[in-house]
Amino acid sequence: MVLTDFSVNSGAVFTEAIGNDRLDLLTDYPFTRLANLLAPITPRANVAPILLTVGEPQHTPPAIIEETLRATASGWNKYPPVGGTPEFRAAVGDWLTRRYELPAGLLHADSSVLPLSGTREALFMLALLAVPTQKAGRQPAVLMPNPFYAPYEGAAVMAGAEPVFLSATRETGFLPDLDALTPELLERTALFYLCTPANPQGAAATPAYLAKAIGLARQYGFVLAVDECYAEIWLDTPPVGALQVAASLPYADGKPWANLLVFHSLSKRSSAAGLRSGFVAGDPALIGRFSRLRSYGCAGMPLPILAASTALWRDEAHVEENRAAYRAKFAAAEAELGGRYGYYRPAGGFFLWLEVGNGEEAAKRLWAEGAVRVLPGAYLSRNNPGEPNPGDAFIRVALVQDTDTVAQACASIVRILG
């Protein structure tokens with residue numbers, strides 16, 4: 001058998017430029033950038049690292065997961081359906097109706113709920129569903145808050161849309177200013193990602209805010225994707241949900257969820273990031289098309305995981321325990337920070353968004369002098385012409401460790417940054 005050396009004998013040319021050049025429009029993922037930033041730095045000896053970068057809850061997952069996986073292990077040898085099981089959809093539908101006080105029977109789970117293997121891949125794939133070749137005769141736009149969850153930008157770019165970064169600062173209540181959106185921009189908008197409670201700032205949208213966003217989506221014909229993955233980690237009041245608001249608005253032809261999709265996950269709610277389990281719910285027409293698209297590009301959620309997820313959505317006791325643990329951590333952080341760095345008590349989520357002057361420099365100092373690893377805010381945001389980058393001066397601190405460790409880390413932040 002003769003092996004041909006194509007690089008010599010055929011004159012073939014291999015180049016790094018081969019492939020989809022849209023990928024080159026993206027920066028490295030935030031945690032890759034952080035690893036490169038801190039790689040040259042060795043923390044002081046004999047200091048145990050405290051990792052507060054990734055939003056990966058370190059609480060013990062509920063025992064119900066292991067129990068259900070063991071009881072349904074016979075399902076591992078079966079290909080699961082993309083649409084999940086009737087039991088999963090019913091559990092999600094019941095939870096949404098109960099949690100958001102929806103009118104009985106308004107949400108039809110079999111047509112309005114789709115299971116997801118975590119929400120990140122679905123939020124990314126949504127752009128493939130929502131973005132047409134052109135919108136209003138121009139390149140489509142995908143709107144997102146700035147700072148933002150990185151997959152929003154990646155999805156927009158890889159779908160051929162223009163990502164439009166809407167500054168979400170203290171002045172705008174840490175949410176995009178909907179009144180600043182121009183008709184010209186809205187006419188070519190195909191998709192609007194909105195996160196509430198926001199990552200990283202923890203701001204929760206009001207009913208009036210969500211009603212306006214839903215109204216704009218319907219008026220201008222775009223998909224409103226509301227990422228509610230942090231909705232079950234709240235300190236004082238349960239955040240209102242987009243389905244809840246949509247149910248209170250006038251709608252025609254029995255379509256209360258028109259143009260609207262909401263995303264939820266068990267990663268934060270149930271401290272089960274490794275389960276990779278979530279769902280999308282809303283507009284049945286969009287859910288149907290999403291299911292069709294996912295049939296081509298995604299594997300269904302395994303049956304044992306569907307069973308464990310069903311059990312988790314039907315249980316609230318572990319969620320209340322989880323929420324109480326985060327409240328204790330925020331109390332510990334507040335006691336140590338004492339109002340420094342613009343500290344405020346967020347409406348939801350488990351992040352601190354601290355103003356430190358220069359996020360990259362602060363991250364390097366904290367790692368070098370205290371072995372505390374945080375994420376520069378600039379890695380979650382982009383520059384807009386004529387505006388300061390809304391993340392440059394900030395660090396994001398994920399309160400995912402135990403209460404004592406959180407307190408220790410916050411004390412180190414004060415000691416090192418002053």
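The legends below describe an overall view and several close-up views of one predicted protein model.

Residues are numbered from 1 along each chain as its sequence is written. Because the model is predicted, local features need pLDDT of at least 70 and side-chain atom pairs count only at pLDDT 80 or more, while totals for chains, interfaces and linings use all residues, and side-chain values use heavy atoms, with hydrogens and water left out.

**Figure 1. Overall view of the protein.** The secondary structure comes to 16 helices and 12 strands; helices (H or I, at least four residues) and strands (E, at least two) are DSSP runs numbered from the N terminus. The C-alpha atoms fill a box of roughly 70 × 60 × 55 Å, taken along the principal axes. The radius of gyration is 22 Å, which agrees with the value near 22 Å for a compact globule of 418 residues; this radius is taken over C-alpha atoms, and the globule rule is 2.2 Å times the number of residues to the power 0.38. Of the 418 residues, 54% are buried, where buried means under 20% relative accessible area, exposed over 50% and partly exposed in between (1.4 Å probe, protein chains only). Among contacts (heavy atoms within 4.5 Å) between residues at least 6 apart in sequence, 78% join residues at least 24 apart.

**Figure 2. Surface and charges of the protein.** The protein exposes about 18,300 Å², and carbon and sulfur atoms supply 54% of this area. Accessible areas come from the Shrake-Rupley method with a 1.4 Å probe; for residues, only the protein chains shown count as cover. The mean positions of the 34 positive and 40 negative charges are 2 Å apart. Lys and Arg count as positive and Asp and Glu as negative, with His and the chain ends not counted; each charge is placed at NZ of Lys, CZ of Arg, CG of Asp or CD of Glu.

Figure 3. H4 covers residues 86-99, and its 14 residues reach 20 Å from the first C-alpha to the last, close to the 20 Å expected at 1.5 Å a residue. The expected span is 1.5 Å times one less than the number of residues. Buried residues in H4 include Phe88, Val92, Trp95 and Arg99. An α-helix has 3.6 residues a turn, so residues three or four places apart point the same way. Just after H4, Glu101 takes a positive phi of about 50 degrees, although Glu101 is not a glycine. Glu101 is placed in the loop between H4 and helix H5 (109-112) and counts as exposed because its relative accessibility is 65%.

Figure 4. The bond from Asn146 to Pro147 is cis, with omega near 10 degrees. Pro147 is found in the loop between strand S3 (141-146) and helix H7 (150-158). The bond from Asn199 to Pro200 is also cis, with omega near 20 degrees. Pro200 is found in the loop between strand S5 (189-195) and helix H9 (207-220).

**Figure 5. Arg276 in its loop.** Arg276 is not a glycine, yet has a positive phi of about 50 degrees. The residue sits in the loop between helix H11 (266-269) and strand S8 (278-282). With 34% relative accessibility, Arg276 counts as partly exposed.

Figure 6. Thr189 counts as buried at 0% relative accessibility, and Phe192 counts as buried at 2%. Leaving aside neighbours within four places in sequence, Thr189 is in contact with Lys135, Ala141, Leu143, Gly221 and Phe222. From C-alpha to C-alpha, Thr189 is 10 Å from Pro132, which is 57 residues away in sequence. Phe192 and Tyr152 are 40 residues apart in sequence, with their C-alpha atoms 9.3 Å apart.

**Figure 7. Val245 in helix H10.** Val245 has its place in H10 (residues 242-248) and counts as buried, with 4% relative accessibility. Apart from neighbours within four places in sequence, Val245 is in contact with Pro207, Leu210, Ala211, Ile214 and Val240. Leu185 is 60 residues from Val245 along the chain, and their C-alpha atoms are separated by 24 Å.
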